[in-house]
Structures are given as structure tokens and as C-alpha cells.
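Biologist: I have a model open and want to go through parts of it with you. Can you put it up first?

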Amino acid sequence: MTTRPAQSLADLLGDTRARILEIVQRGGATAPELAERLEISPAAVRRHLTAMEADDLVDSAPVHDGGMGRPADRWRLTARGKRLFADRSAEFADQLLDHIEATYGRPAVAEFLKTRNAAQADRYAEALTDVDDPVERAKLLAEALSDDGFAARVEDGDNGRTLVLLQSHCAIEGIATEHPEICAHEAALFTRVLGTKVSRRETIAKGATACVCRIDLDGSTPAAQTRTAHQDPDNADRSA
């Protein structure tokens, strides 16, 4: 799901659900509190909350108020719900990388990206544990990328020996545009996690409608061998 400014929530979700999300985003709320604020019935509020919970936009946790009664469920945004609101973290990260480069030079940026790449690869590898089939590994990687906001999916290649990994949204587009080496590091990350050759074809940062990688199914190495293998992105195949 792509990030949208708060004012477009009504177009995306409808006016009532947009208002619910905006209230919850300010610090959470119980269903009775939402009903009072919106001047609609608690039953109607709960129907909306149930639907948004099914879409992974909100979840709830019991909150004790010190009384003897049953604790009330307080609703809050999920990570996916938070992405519907404006986020300045990308701007901050871009400024941070610019500062590192200006202060310590381009090699310091490259070293940071290599460290970040290794940490991400370890995290994604956890999602692929005990799965050796390369097609299933690619699909699980796409799911993990989607959870991180990259809207990824896997499609069959032309010859049956390749897969195409598509990311229709870039959660760090602004940063990648200014620091295109990030895209090379990501391709190296995919190679390491999947244990097979991954070629970068297109990127959103360079104006494409999606980030596209070709996954070569020939010569795949066993999953166990890839969990500790570190690929240098400077040597990754990243033809574009």
C-alpha cells in the first residue's frame, strides 16, 4: 500500500473510516470514544473497526483504567495504517546520508549501506528458513518486501528458468534517487538471500513504473549456504 497524504484518506477509505483513522492516529481511542466523537452508534463504529482490522490498518489492546470492570479495547494504527499518513523519515534519512558523505566522504556512505544490507539480509533470511525450493523462496521474499512497504510480487519469466521480482512501490524512493547505489545493494541483498543470481533491470528511482529484477533459477545454491554468504554489491549483476 502506498503512502498517501492524510487529506486523501476520504477518497481511499470513505469519510467515516478516514475520520476514525485520523482520531486513532492522534493517540488511540476506544470504540465508545470514537462513537461519541463521530456522533454515530457504537455498533456502527465497531463495524468500521472490524473491517479496517481485517485490512490490517488498525488493531486493539486492552487498557486498564484502574476500575473493577472489564478493560476497554483501545484502538491504534498498525504499521500499515501508519503508512497512510505523511512521513518525514525519508527526508531525515536522505539528509543523514548527505551529512555522512559531506563529513566523511562517499566511502563512508558505501560502508553504511553495506552494513545495512547485511542486517536486512539476515532479517529476510529468517522468513525463508528451512525453505529450499527457489520459487517458494522468491515468493516468501516478496511477501517480506511487501510487509516493508515495497508492494512486491513474483511472476514467471519467459523461458521457465527465470522469475521476475516486481516492486510496484519504493518505500525509499527519494533516498534511492539521491543515492542510486542503494538499488545495487538491494540487488546484492536479493542474491545473498535467494542464493541465486539476481539482475537489476529497472528501478523506480530512475523513472520506471516498478523496480524489476530477474532471478536466475539455474545454479541456485542450497538455502543453508546462502545464510552466511555476503555478496559485495560492487560485483553484483545490476544491468539496467
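Modeller: One definition before we start: axes are lines fitted to C-alpha atoms, for helices over the stretch in contact, and angles run from 0 to 180 degrees between N-to-C directions. Contact means heavy atoms within 4.5 Å. Helices (H or I, at least four residues) and strands (E, at least two) are DSSP runs, numbered from the N terminus. This is a predicted model, where local features need pLDDT of at least 70, side-chain atom pairs count only at pLDDT 80 or more, and totals for chains, interfaces and linings use all residues. Residues are numbered from 1 along each chain as its sequence is written, and side-chain values use heavy atoms, with hydrogens and water left out.

Biologist: Fine. Which strands does helix 10 lie across?

Modeller: Helix 10, residues 181-194, lies across strand 5, strand 6 and strand 7, and runs at about 145° to strand 6.

Biologist: And what is the strand order in that open sheet of four?

Modeller: The order is 4-5-7-6, with antiparallel pairing. Two strands count as paired if DSSP finds at least two bridges between them. Strand 4 (152-156) and strand 6 (198-202) are at the edges with a single partner strand each, so one side of each has no neighbour in the sheet. On average, neighbouring strands are turned by 25° against each other, direction ignored.

Biologist: How many bridges join strand 5 to strand 7?

Modeller: Six, between residues 162-167 and residues 211-216. Gln-167 is opposite Cys-211 of strand 7. Strand 4 and strand 5 are joined by five bridges, and Glu-155 faces Val-164 of strand 5.

Biologist: Which residue has a positive phi in the hairpin of strand 4 and strand 5?

Modeller: Gly-160, with phi near 80°; the hairpin has five residues between the strands.

Biologist: Back to helix 10. Is Glu-181 buried or exposed?

Modeller: Glu-181, which is found in helix 10, counts as buried because its relative accessibility is 18%. Buried is under 20% relative accessible area, exposed over 50%, and partly exposed in between (1.4 Å probe, protein chains only).

Biologist: What does the Glu-181 side chain make a polar contact with?

Modeller: The side chain of Arg-106, at 3.0 Å. Leaving aside neighbours within four places in sequence, Glu-181 is in contact with Arg-106, Val-109 and Leu-113. A polar contact is a pair of N or O atoms within 3.5 Å; within protein, one must be able to donate a hydrogen and the other to accept it, and residues adjacent in sequence count only if both atoms are side-chain atoms.

Biologist: New topic. Which residues of helix 3 are buried?

Modeller: Ala-31, Leu-34, Ala-35 and Leu-38.
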